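Visitor: I'm new to this, so please take me through this one step by step.

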Amino acid sequence: MDFLRQLYQQFVGIWRSLSLQQRIFVGFGSALAFAGLLLLTLWQTTPQYNVLFGNLQERDAGEVVTKLKELEVPYKLSDDGTTVMIPSNRVAETRLALAQEGLPRGGGVGYEIFDRTRLGITSFEQKVNLKRATEGELARTINQLNEVQWSRVQIVMPEERLFTEQQQEPSASVFLNLFPGRSLSRRQIQGIQHMVASSVEGLRPENITILDQHANPLAMPTETFASTAELSSSQFEMRSRVEKYFQDKLKSMFDRILGPRKSVISVSVDLDFDSIERTEEKYDPDGAVVRSEQRQRESTTSPSAQPEGVAGISANLPSVAPLTPASYVGSQRQSTSSITNFEISKTVEHIIKSPSSIKSISVAVVVDGTYQDTTAPDGTRTREYTARSEEEIDKYKRMVLAAVGNPTAGNIEVINVPLDTSAAEAEQEAAAAAAQTAQRRDLYLAIGKGVVTIAVLLFIFLLVRFVLRSILAAMPVRPASEKAGRRIDMLAKEESDATAEVKDMVDKRPEDVASLIKVWLKEEK
């Protein structure tokens, strides 16, 4: 405590010894150094914020912010409150904690509505809650698509009727809010339809309507016939997919052979969209086979009798013998029949020709030649172009024909012309320059932080040194001779005081002084 008091007194003394200008400079410099050190500390210790969740609905954003307050996690809001940002070192941990709570819900209430049950709930409320939960779960699933910002699903379940012919089918509608510049393909739209239909009992994909945020119908309930424009659009999309498939296949092959940006490939496909269903029955008369055979033979013998004897009753009596014996001549008949059943060979074919079959393919390939850089004796560099040989062109043509793998691909053209790669080279240079600029920016930022830190520390060091020098300069300096003279004066004063005391003792106590002197003399002897 005494040390602190002495230090305080010394500081006050030094401060009072400074002039007004020195006091102003020391105060201003100390305040500036403290502020710089404080700003540097805040700059180095301020956490970097990253996005926790983006494109949230107002309800979801409110629930996430409430949970962050409970977890005592600092946060920032941006994009009109739809984006929540937290320190980067706590993003993963916080996402896991919010996922355990089912946040963000992203599509309304889901099956968690059944986690809280109450007594006395009616069957109607149960049905309504089930429909809400199904709609919410489907919306959450659709929101996982990269192109969808948020969505909403509405399901219509008709009441059950007594008669089947009066029962109506369920239907559904899906509203999609897509990200700017994004769109869904026909296959993705069909996938959404089938997913929703598979989640609702009795719902067919044909009864699902899908709209985007601009009220454009992406999928409508199936009608009895499709318009010509819709059919043409579907056919054009299918044709484009087939052409892109062959183009990507050939492009990857030529890029590996010639190198990137050394070829240009164009594919044209003619598709047959006619759907044919045909049933054929063919009979082969030469392929007859005995199925069954039946043979029958008959032999018949019949007697031929002529009446003889006396006419009358006596001749017909049994006890009377005939007058003359009866004589006859018999007849015989034989017949043979045969029945053979033949099975004629028959072929039944039921042929269904699916639409969008490939009728013909045309491929045009433009390949670049080779380049050789030469340096002249004067130092100028030139680039010479060498065209491809006919053998190489024929080889590339056979490769294209084999890669297409279609016998109707008769129009194959491979042409060798020099390609203009200036745009690609400029784009590549621009990308490299952008990457270098980003690296330089990061490097300059790191260097700037280091320079600012060193500058602040150097300023503090210079300020402290200046203050110490000012303090030392303000203190009075006493030369060494003055100190020595003062020491001599003190010793002389002490000697004179001792002499006075001896004289006073001799005057007052002479016997004692004499005895002391005698003792000193004996000790010397």
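Visitor: What relative accessible area does Arg261 have?

Guide: A bit of housekeeping: this is a predicted model, where local features need pLDDT of at least 70, side-chain atom pairs count only at pLDDT 80 or more, and totals for chains, interfaces and linings use all residues. Residues are numbered from 1 along each chain as its sequence is written, and side-chain values use heavy atoms, with hydrogens and water left out. For accessibility, buried means under 20% relative accessible area, exposed means over 50%, and partly exposed is in between (1.4 Å probe, protein chains only). Arg261 counts as partly exposed, because its relative accessible area is 46%.

Visitor: What value is the phi of Ala215 near?

Guide: Ala215 belongs to the loop between β6 (208-212) and β7 (217-219). Ala215 counts as exposed, because its relative accessibility is 56%. Its phi is positive in a residue other than glycine, near 65°.

Visitor: Okay, zooming out: how many helices and strands are in the protein?

Guide: The protein has 525 residues, and 20% of them count as buried. Contact means heavy atoms within 4.5 Å. Among contacts with a separation of 6 or more, 68% are between residues 24 or more positions apart. The count you asked for is 12 helices and 14 strands.

Visitor: At roughly what angle do the axes of α5 and α6 cross?

Guide: Axes are lines fitted to C-alpha atoms, for helices over the stretch in contact, and angles run from 0 to 180 degrees between N-to-C directions. Helix α5 covers residues 123-143 and helix α6 covers residues 186-199. Their axes come within 11 Å, and the crossing angle is roughly 155°.

Visitor: Which term describes how α5 runs relative to α6?

Guide: Angles under 35 degrees count as roughly parallel, over 145 as roughly antiparallel, 65 to 115 as roughly perpendicular and the rest as oblique. At a crossing of roughly 155°, α5 is therefore, relative to α6, roughly antiparallel.

Visitor: Which residues of α5 and α6 make the contact?

Guide: Nonpolar here covers Ala, Val, Leu, Ile, Met, Phe, Trp, Tyr, Cys and Pro, charged covers Asp, Glu, Lys and Arg, and the others, Gly among them, are polar. The contact of α5 with α6 divides into 5 nonpolar, 3 polar and no charged residues. By name, α5 gives Thr134, Leu138, Thr141 and Ile142, and α6 gives Ile192, Met195, Val196 and Ser199.

Visitor: How many aromatic pairs does a search of the whole structure find?

Guide: Rings of Phe, Tyr and Trp (its six-membered ring) pair if their centres lie within 6.5 Å; planes under 30 degrees apart count as stacked, over 60 as edge-to-face and the rest as tilted. By that rule, the number of aromatic pairs is 4.

Visitor: How many residues apart are Trp150 and Phe175?

Guide: Trp150 and Phe175 form a tilted pair, 5.8 Å centre to centre with 50° between the planes. Trp150 is in strand β4 (residues 148-156) and Phe175 is in strand β5 (residues 171-178). The pair links distant parts of the chain, and the gap in residues is 25.

Visitor: What kind of pair do Tyr245 and Phe246 make?

Guide: Phe246 is buried, because its relative accessibility is 9%. The ring centres of Tyr245 and Phe246 are 5.2 Å apart and the planes are at 70°, so the pair is edge-to-face.

Visitor: Which residues does Thr94 touch, not counting residues up to four places away in sequence?

Guide: Thr94 is in helix α4 (residues 91-100). Thr94 counts as buried, because its relative accessible area is 3%. Leaving out residues up to four places away in sequence, Thr94 touches Leu52, Leu68, Val73 and Ile86.

Visitor: And how far apart in space are Leu103 and Val64, C-alpha to C-alpha?

Guide: Leu103 is in the loop between α4 and α5, and is buried at 11% relative accessibility. Val64 is among the residues that Leu103 touches. The two are 39 residues apart in sequence, and C-alpha to C-alpha their separation in space is 6.7 Å.

Note on methods: Helix = DSSP H or I, 4+ residues; strand = E, 2+ residues; numbered from the N terminus.
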